Structures are given as C-alpha cells and as structure tokens.
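Dear colleague,

Please find below the structure I am handing over to you, with its sequence alongside. Once you have it in view, read on for what was found in it.

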Amino acid sequence: MLQHGLGCQARGAVGRRLPRDMEASAGAFVEFVQRQIHLQDLPLSDIGTLDEISIFVDPEGSGEAAFQLTGTRESLFDIVLAALADGSLLPTVIFFKGQPRQEQLLRLPDSILLEAKPEGFTEDEELEVWTSRVWQKHMDARSGSKGLLVMDGFRRHTSDESLSALSAASTLPAIIPAGCSSRLQPLDVCVAPVLRSFLCQQWREYVRAGGARAAREDLLGLLLGWVSQALEAVAGQPELVQQSFLVASVLPGPEGGELPGSAAETQSQLLQLLEERLGAGQGQGEEGRGDGAGEPEMIPVEEKVTEGLLDQQEEDDDNDDNVSLSVPDPRVLHALFEKDSDAESFHGFDDDELDV
C-alpha cells in the first residue's frame, strides 16, 4: 500500500449505514438514476460523473504542511476529474491561478487540459469551462445522444447557468443528495481517494528529497507530472472505473442484484488494486503479491444496464451489511427534487420523457 494514510474514511465508506433520512434519499436517488438509464436506454458511454479536487499551497509555508487538500484561502489548483460508466476517462481539467510557462503548454499530455490566469477562476467559471471543453464536446461527438451526469449537490452544480449548459448538451443532471457522496459518487469509490493520497505522498517525497519553496510555475510542473502518472494508471485498468459505477449503485448489479461480496469489500479491493498500480507494490516479489486471489471479481457491466433495474427492492433486506439498494416510495423522490422547484429542474429531457 501507499504509505500516505488513505484512511478509514475512504475504505468501506460505501457499506456504512447512513441516518434514516439519508438512507431514504440515497435509495430514491438510486431508483431515479437507474430508472432513467433504463427508460432512456442510455449506453454506458453517455453516463458520466465528475468530481473536483482543490489544492492549497501556503506561500509562506515550507515543508510537508505547505501542501493541503483543504483550506480557507483560494486554492492554487483545482482538478476536475470525469469518467464514464464504460470505464474510460474524459480529459482532466486543471485550473491554475498563475501563468504557465510556454514549454509547459507545449508538453501537456493528452489526458490533461490546462486553464490558467493570474487572478484564478470562480467556481462558476470553472464549471462553465469544463462543460464546454469536456462534456459538451463529448456529447457532440455522440451525434445527438442524450446523457446523464452524476454530480455532487454543490451550489455551482445546481445553478441556473450550469443546468442550462447541461440542458443544451441534452444531459440530465443527477444530483447526489446531501451527505451521500461517499456512497453514491463513483469517483469517490476508488479514483479520487487514491489520487488525493498519491498527490500528498508525492509532495512529501519531494520535500524529503530536498525540495524547498518553489515558484508557482514549478509547482504546476510537478502537479502536471503527478496527475499524468495517476491518470495513466487509471486509464490502464478501466474495469476499476466500471466497477466503481456498480459499487456506487449508479448501475445495477448483476442479475440477482448483489455484487460478489459486500460493497465495502469490493471498494477496499478496488482501492488496493489502484494503489498497487501506482507503485505501492514496488519492492515486493511475486511471492509477496500472491496469486491475485484478493482481487475483486470483475462483473461484465455492458449487459447489465437494462436488466433487472427495477427488481432490487427485495434484495438487500436480507443483507444489512451490503450497501442498500432498496427502492423507496417514489414520493420520496418527488420530495427530494420538487420541494424547492418543479419539473423544469430536470434539464436536458422533455417532461414526457421523465418517469419520476
């Protein structure tokens, strides 16, 4: 494992019980998303999710503590990750508060788009840029297909401007209920926690190797290299992303409704696999790695999208340790999405296309 404290907040998070009202909200979200995937007959390549990681660097600080993933000041970097249910990654956008060097622009990997200006970007600006440069471009290439995008319920994701942009891209936003991201955000199952930990570990190694205070442009160069390395590892094993969509219940499980083993166990195994791919297994011989018996059983995802979507209400009653996929009364869904709005909140689809 990477020696950087991935922590219990990531491992097993999908299997933890939520408060009763959150369980109801999570169940309603799952039922809504899976029903729309079924009714719209959405292919895996049109089902996406995005997540953000902010990086704060203390200009007055030095050492390991100068690099943080939380802070009260403006972030120096914002990383916007996006993935599809078919296991592929969309280009990652890095927003930089500064001016990159010309050689950095010329040597950008294909997996990364860089947006930079000295004054930085507002949250709304970042989402607007991401939508136009990444999601809209992806949907345009799909020749009129409709899409579904899973997002956390941050204010910027639910602003009129954001919803209008998604509507123009024929995309239904699926907003994760408050407090449920650890359960329902596919990127939080595996990719985002490991990337956060990997970036912190890389910074620590940089400092311990004699790295001192660096100019913003130098920090950008470091970050580009680290993120590129991590994205390459994820892209090389798309089944990890596919399984993350299953564990998060965005996609239905195999026929019969359950993953092999609990969702928490599957998540832990996915995290370990990605950690090892990023170099955690270096220094271990083949004997130390074992014969792969600890790897999760990878479930074929493609054929499962339109099968058994509405049969899950009865399945989890027999297993309280697994992530709950029970389908609550649809009226809960209306309460979630309509208490402060109306049917117009479902941008990207005509009213008669939605079955809520």
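T131 counts as buried, because its relative accessibility is 5%, and buried here stands for anything under 20%. This threonine lies in helix α3, which covers residues 123-140, and, leaving aside residues up to four places away in sequence, T131 touches Q136, A165 and L166. Please keep in mind while reading that the model is predicted, and that the values quoted in this message were computed from it.

The protein has 356 residues, of which 51% count as buried. Among the contacts in the protein with a separation of 6 or more, 73% are accounted for by residues 24 or more positions apart.

Turning to S159, you will find this residue in the loop between β6 (147-151) and α4 (160-168). Is S159 buried or exposed? With a relative accessible area of 12%, S159 is buried. S159 and D124 are 35 residues apart in sequence, while in space their C-alpha atoms are 8.4 Å apart.

Helix α1 is the next element to look at, and it runs over residues 20-40, which gives it 21 residues. From its first C-alpha to its last, α1 reaches 30 Å, close to the 30 Å expected at 1.5 Å a residue. The helix is mostly covered, in that 15 of its 21 residues are buried. After α1 comes D41, whose phi is positive, near 55°, although D41 is not a glycine. D41 belongs to the loop between α1 and β1 (47-57), and this aspartate counts as exposed because its relative accessible area is 54%.

A positive phi is also found at S249, where the value is about 70°, although S249 is not a glycine. S249 is in the loop between α9 (238-247) and α10 (263-280). Its relative accessibility is 2%, and S249 therefore counts as buried, whereas D41, as noted above, is exposed.

The next item is a pair of helices. Helix α7 (residues 191-208) and helix α8 (residues 216-235) pack at an angle of about 140°, and their axes are 10 Å apart. Because of that angle, α7 is oblique to α8, and the crossing of the two helices is right-handed. Which residues of α7 meet which residues of α8? On the α7 side they are V191, L195, F198, L199, Q202, W203 and Y206, and on the α8 side they are L219, L222, L223, W226, V227, Q229, A230 and V234. As a general point to hold against that list, an α-helix has 3.6 residues a turn, so residues three or four places apart point the same way.

Finally, a word on cysteines. How many disulfides does the structure hold? The count is zero, where a disulfide would be a pair of cysteine sulfur atoms within 2.5 Å. Two cysteines can be described by their burial: C180 counts as buried because its relative accessibility is 0%, and C200 likewise counts as buried, with a relative accessibility of 18%.

With kind regards

How values were computed
Residues numbered from 1 in each chain as written. Predicted model: local features only at pLDDT ≥ 70, side-chain atom pairs only at ≥ 80, totals over all residues. Heavy atoms only, no water. Buried < 20%, exposed > 50% of the residue type's maximum accessible area, 1.4 Å probe, protein only. Helix = DSSP H or I, 4+ residues; strand = E, 2+ residues; numbered from the N terminus. Expected span 1.5 Å × (residues − 1). Axes fitted to C-alpha atoms, helices over the stretch in contact; angles between N-to-C directions. Parallel < 35°, antiparallel > 145°, perpendicular 65-115°, else oblique. Left-handed = near helix turned anticlockwise from the far one by under 90°. Contact = heavy atoms within 4.5 Å.
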